Amino acid sequence: MNEQQAISGERAAASREERIEAMLRHYEVERFYYDEAALLDAHRYEEWLGLFADDARYFMPIRRTRTQRELDREFTRPGEMAFFDDTKQLLTGRIIKLRTGRAWAEDPPSRTRHLITNIRVLKDDGRTLEVESNFHVYRTRLNSEETSWIGSRRDVLRRVGGSFQIADRKIFLEQTVLLSRNLSNFF
Amino acid sequence: MALTSSEIDEMVSLERGEVDRRIYSDPEIFELEMERIFARAWLFLCHESQIPEPGDFFQAVMGRDNVLVVRQRDGTVRAMLNTCAHRGNAVCRAEEGNARSFLCTYHGWSYGIDGKLNGVPGFNIFYNGELDKKRRGLPRIAQVASYKGFIFGTHDPTAPPLEEFLGPTGRLGLDLIALRGDMEVVPGIQKFVIECNWKIAVDNLFDWYHPQITHASAFEPDVMPTAGQRRDGGKIDMTGVNMQNGANLELAGGGIIGSKFETVVVLGEYGHAIGGPSTSSSGYFDLVPQWRETSRAKEGLGPVGIKVAGHPNIFPTAWATSGVPQISLRIPRDPGHTEIWWFTLVDRNLPRETRDFTIMMANRIFGPAGLLEQDDGENWAQATAQTRGVASRRVRHLLNMGVGRGRIIKEGGLSRIEGYTNEHAQLWTYHSWAQWMKGLDWNDLKKATTPGDCI
């Protein structure tokens, strides 16, 4: 039984109270992501960084066009090459870099809009949640440059206080050869 | 197009260190490059470790030809065009993987991993059994050879053997990676597209004048992972000064433009070159430098080669980096688009911790999200864009830093220049580009790209 079936099965069997609980949880996660996206689009990177746990890993594998038979090797894995393989320390470094006034890829800054959709809570053990969401990150830069990145994220969210912390983020892009000159933005 | 030799000579002046900007955007020049450079030179395809098992394949690019590099059952490597002999369809769409055969999805012609045509639907009924299958295999690449695990191919059957083409300079470039150990490519080739001409991306790899400005933001305190992340306790210090102590752009006494930045430039036949610091320089850095102490490295590199810590380029487009061992290809797609491919190599025998550190640094320095490389594309795209305006393109590109002052020392088969930061390696690349573009035969090309006494 895959995760999706498990969740659907759970939903069918759930009582009204359980379903209301699930809705509330979904609402909290959704609000968390919307707030996160707003921080990124407003270039409020330091506050965005604050959403990550100190031991967080931020990983965007390389994707490869492979045959159906070998799709299990479509994405690279931790310990292999990646587009992002960051600790919180490195994310911090990236933000320091952006604030220097000499990070030319982002000065003048690009304009981004993060659209977060299709949120699904895959697991919830009370302390941590595993959540999948889709994104469309739209970027324009200077006068005529336009980039669209569409993909999905799989997060491990920790319940902290009344909200969440991102303990792990994996970003899966719908591109193999990256069709843009850089990845100077966050996902 | 009939570009005469004298017109080509006018585009690149070795004496003045000037380049005509048309070479970065003129579509006819690009077409001629495809014929005279990319259909003749030995081009890097992939590393042996990427295709260890029979049927393993990697899809490479030679000019605009898509090429399948395939491990054979007898352990050899074959490379062939990825185009069906019938009506041209690609017979493989995956970037890499393992195949038992290659099937054309148009009419079903099927080829063995050796490229031989095995199956033709309707062979007896439609072709009356008369199709000569032996002549209709996947077209083989004219020459394929491997140097210490690095597989190259050329479309030119008359090209000199790979080792001769590489010469001492090209071999040194690859030895600087190969002699670190039993090297293998880490899974995952980073590929991305920059809106720039391929030559702008190539000449930048020799350029040790730009890091302090282009990459200024990456050298700020606490940006690059440094202290505590280098297992030998040292700091990653590309600028030659301790940036954590508040260095600024005026690096008077050290760093990349300072007096302590000693470089060694190597110029080679056919346009290969190496540019950047020597190991005696304050700007020198190897992430894991112990390998240079081995007798394997000392004997293999020789007394001159062991000091080379800069960036080699195998003409035209294969950059062998030295900090983290990587090969970066600058693959021309059209005059204004270049694909960058990063292959990262590690010694199979590295301790797990050092291996992980090397891979982590490779992911963080170069590549599209790399702390250094994310700012490069901006410059290259804008520099390319400014070669399109009628007035802007009349301005010549300058590569005249130190021109006429580079005294060439010939020793151990290598032609080297010692001194401070200069643009000799870039200029040599453009000079050699012009010789290739004249369509000289191999002997004349070698003569025209043999360094003299001075640059």
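Author: Start with one residue pair. Val12(B) stands opposite Val19(B) in E2(B). Keep in mind that this is a predicted model.

Reader: How many bridges join E1(B) to strand E2 of chain B, and do they run parallel or antiparallel?

Author: Two bridges join them, and the strands run antiparallel. Strand E2 covers residues 18-19 of chain B.

Reader: In what order do the three strands of this open sheet lie?

Author: The order is E1-E2-E21 in chain B, with antiparallel pairing. Now look at the edges. Strand E1 (12-13) and strand E21 (397-398) of chain B each have a single partner strand, so one side of each has no neighbour in the sheet.

Reader: Let me zoom out. How many helices and strands are there in chain B?

Author: Chain B has ten helices and 23 strands.

Reader: What percentage of the residues in chain B is buried?

Author: Buried residues are 51% of the 455 in chain B. Sequence separation is another thing to read. Take the contacts in chain B between residues at least 6 apart in sequence: 64% of them join residues at least 24 apart.

Reader: And chain A? How many helices and strands does it have?

Author: Four helices and six strands. From the N terminus on, the elements of chain A run α-α-α-β-β-α-β-β-β-β. The radius of gyration of chain A is 18 Å, close to the 16 Å from the globule rule for 187 residues, so chain A is as compact as a globular protein of that length. The C-alpha trace of chain A spans about 55 × 45 × 30 Å along its principal axes. Buried residues make up 28% of its 187 residues. Among contacts in chain A with a separation of 6 or more, 56% come from residues 24 or more positions apart.

Reader: Give me one residue of chain A. Is Asp54(A) buried or exposed?

Author: Count its neighbours. Asp54(A) has 9 C-beta neighbours inside 10 Å, so Asp54(A) counts as exposed. Its place is in strand E1 (residues 52-61) of chain A. Asp54(A) and Ala167(A) are 113 residues apart along the chain, yet their C-alpha atoms are separated by 7.9 Å.

Reader: Now a contrast. Is Leu138(B) buried or exposed?

Author: The cut-off for buried is 20 or more neighbours. Leu138(B) has 27 C-beta neighbours inside 10 Å, so Leu138(B) counts as buried. Leu138(B) lies in a loop, between strand E10 (117-119) and strand E11 (143-147) of chain B. Leaving aside neighbours within four places in sequence, its contacts include Met80(B), Leu81(B), Val91(B) and Tyr111(B). Leu138(B) and Leu117(B) are 21 residues apart in sequence and 7.2 Å apart, C-alpha to C-alpha.

Reader: What is the general idea behind a nonpolar core?

Author: In soluble globular proteins, nonpolar side chains tend to be buried together. Here the largest nonpolar core has 145 residues. Phe44(B), Val69(B), Phe152(B) and Val266(B) are among those with the most contacts inside it. This core draws at least three residues from each of domain 1 (44-146) and domain 2 (165-448) of chain B. Take Val69(B) as a case. Beyond its neighbours within four places in sequence, its contacts include Leu45(B), Ile51(B), Phe57(B), Ala79(B) and Ile151(B).

Reader: You named two domains. Where does chain B divide?

Author: Into domain 1 (44-146) and domain 2 (165-448). The contact takes five residues from domain 1 of chain B and nine residues from domain 2 of chain B. On the domain 1 side, two are nonpolar, three are polar and none is charged.

Reader: Last, the chains together. How many residues does the contact take from chain B and from chain A?

Author: It takes 40 residues from chain B and 33 residues from chain A. Next, see which elements contribute. On the chain B side, those that give two or more residues are strands E7 (96-98), E14 (190-194) and E20 (337-347), with helices H7 (352-365) and H8 (376-385). H7(B) supplies the largest share, six residues. By class, the chain B side has 18 nonpolar, ten polar and twelve charged residues.

Notes: Residues are numbered from 1 along each chain as its sequence is written. Chains are lettered from A and ligands numbered from 1 in the order in which they are written. This is a predicted model: local features need pLDDT of at least 70, side-chain atom pairs count only at pLDDT 80 or more; totals for chains, interfaces and linings use all residues. A residue is buried if 20 or more other C-beta atoms lie within 10 Å of its own, exposed if 12 or fewer, and partly exposed in between; C-beta atoms are placed from the backbone. Two residues are in contact if their C-beta atoms, placed from the backbone, lie within 7 Å. Ala, Val, Leu, Ile, Met, Phe, Trp, Tyr, Cys and Pro count as nonpolar, Asp, Glu, Lys and Arg as charged, and the others, Gly among them, as polar. Domain bounds come from an automatic or database domain assignment. Two strands pair if DSSP finds at least two bridges between them. The radius of gyration is taken over C-alpha atoms; the globule rule is 2.2 Å times the number of residues to the power 0.38. A nonpolar core is a set of buried Ala, Val, Leu, Ile, Met, Phe, Trp, Tyr and Cys residues joined through C-beta atoms within 7 Å.
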